[in-house]
Amino acid sequence: MVYTKKSPALLIIGVIMLAIWFMADSGALSGYIEHLGGKKYKYFTELTSMPLYFGIIAALGGLWVLFGAHKEGQLDYYSSAIAGGMFILIIAMLVRWFIAPEIAVISTMMGKVGDTGKYIHKLLGLNYVVIGIVAGIVIVNVFRVPEWAENGVRLSRLGLKTGVILLGTLYSAAELKNLGGLSIIMIGFFVLGSVGIVLWMGARMKIPNSMGGVLSAGMGVCGVSATVAAAPVVQAKSVEIAYTIGTILLWGVGCMFIFPIVGNLLGMSHVQFGAWAGTGILNSAQVAGAALAFQPDGIETLKVAEIFNITRVLVLPIIVIWLAVWYVKREESVTETVNVGRVIFEKFPVFVIGFILLFALSSTGVFAPANHYKGKYFGNTTESGFKESKVLKSDQRSVLSAGMAQVQRQDRKDALQRLIDNGKVMSIEDDDALRGLINAKVLSSDANKILKGAHKAVRHTAKKIKAFREWITWLFAFGLVGLGMQITLSSMKQAGGQPAIIGAVVGSLKAVLSLIVVMMLVSETI
Amino acid sequence: MSEEKKFDRGSALSIFGSDRREDFMALLLALVIAFGVYLAY
């Protein structure tokens, strides 16, 4: 089978990308960018670089597709995926740079919604992540993915996994330790609880043990990969695997859109939302989707959510062993022996190990100076690197003083007072406390802006870390638009009957209980 | 699933033959990007 389809589409995509770059770089787009927010428009740097590089790749690839000789084989198979990859990428670009900002402009013009004090696009989380996924769903279900792009659309999961691995570069050891402790407790409770409830409900509703086993792994651990890993130990049939994946997909897609809306309505902090999404949403990709939908222009929520998600994947071997023992006890007729150790070894997701590897590599200081995470401008003298111009002005100090009454935690009050007295953040502990205060969203937006400025004055992000953030954002944007293109109505229709009922009950329980636990126990900073 | 019939290699969700292979490719890609970032910035 020859996968490359002779089509001018890839060349056209390349030309469109180059045209976007040219118009942005030459200033032809400046009027439109002014309309989209002017100085507040965040993507100008991306507009004047990314479409140039990827436009050249797409145009050259397009020429190869049109004029190259394509024979069946490895080169044809993998190179034909470029067209689909670029198809996803140009949609992600158009949505992030133009469509989402345009929707924000229209929504702002419509005014705030009732008593919520928020614009409709903020309330519904209509940002580039959500719109990108919806665009993917619409394309595949209404227009269908073009034939020339079909092979490459299957690259989206590779993008998501690469993004998760690279996320490892962004954590500090202290952050990982604090988040890890909390996630182990929450994930341990909710994963084991979900598996137990599904198995119990399955027995009560008399569904086959193999169905109950595979559904429990999918609902409890991490969706599709857990389903695939658990399938051999409970001898699940293909149709049972399909039912489970359909149920998870149906539930996960709903969660991906509903979680950010609930998070916004409840005013959740980044840490709280990340912990909730990482615990309550079933599938890894949808966890990332919800986290980025909640905080589209920052990576803090995604970082928290992924730690919870990775902790969940690490529980997978325990669940596989549990299900193996459970299944053998319940099915006396089991004759075929399954090597549980081998199943775990063969099915354990290696990308999680990749994440740990990149974290270890980053911890050596190879990507950022050793003092990157510590900050280095806390000294009061200019010799220590701090610029006098960064000290807070008296009007800024007044805004912060006015907000003091709203701060309840003593450590934050003290840190804020020191900031007001000195005009700058004085220590790493104060910086952490003040960042927690920003995340808690208890101060006015003006006060939060001043706090963010004070934070930036003392802690500069290393260039390499900035570059990693950009790569990660785009890998996830790419992966999630592609994920949307894989959400077909036919695949969701596979859910049904008793597995769907059990899935809905356990999924709802997990989402609601984890929300209650997060709101009660998770502080804004950890 | 009907999507699977369109391809004689990989699965409906991935161009790679197995999850393990996709994981290794993601790891390789991540290391290439990390090396590129290390050199370029």
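Analyst: In this predicted model, the contact between the chains draws 31 residues from chain A and 24 residues from chain B. On the side of chain B that touches chain A, the residues divide by class into 14 nonpolar, seven charged and three polar.

User: How should I read the packing of helix α6 of chain A and helix α8 of chain A, and at what angle do they pack?

Analyst: Two packed helices are described by the angle between their axes together with the distance between those axes. Here helix α6 (residues 81-110) of chain A packs with helix α8 (residues 128-143) of chain A at an angle of about 120°, and their axes are 9 Å apart. The crossing of the two helices is right-handed.

User: Which residues make the contact between α6(A) and α8(A)?

Analyst: From α6(A) the contact is made by Ile91(A), Ala92(A), Val95(A), Arg96(A), Ile99(A), Ala100(A) and Ile103(A), while α8(A) supplies Tyr128(A), Ile131(A), Gly132(A) and Ala135(A). By class, these contact residues comprise nine nonpolar, one polar and one charged.

User: Where does Ile321(A) lie, and why is Ile321(A) classed as partly exposed?

Analyst: Ile321(A) belongs to helix α18 (residues 316-330) of chain A. A residue counts as buried at 20 or more other C-beta atoms within 10 Å and as exposed at 12 or fewer, and because Ile321(A) has 15, it is partly exposed. Ile321(A) is also 8.4 Å from Gly341(A), C-alpha to C-alpha, although the two are 20 residues apart in sequence.

Notes:
Residues numbered from 1 in each chain as written. Chains lettered and ligands numbered in written order. Predicted model: local features only at pLDDT ≥ 70, side-chain atom pairs only at ≥ 80, totals over all residues. Axes fitted to C-alpha atoms, helices over the stretch in contact; angles between N-to-C directions. Helix = DSSP H or I, 4+ residues; strand = E, 2+ residues; numbered from the N terminus. Left-handed = near helix turned anticlockwise from the far one by under 90°. Contact = placed C-beta atoms within 7 Å. Nonpolar A, V, L, I, M, F, W, Y, C, P; charged D, E, K, R; others polar.
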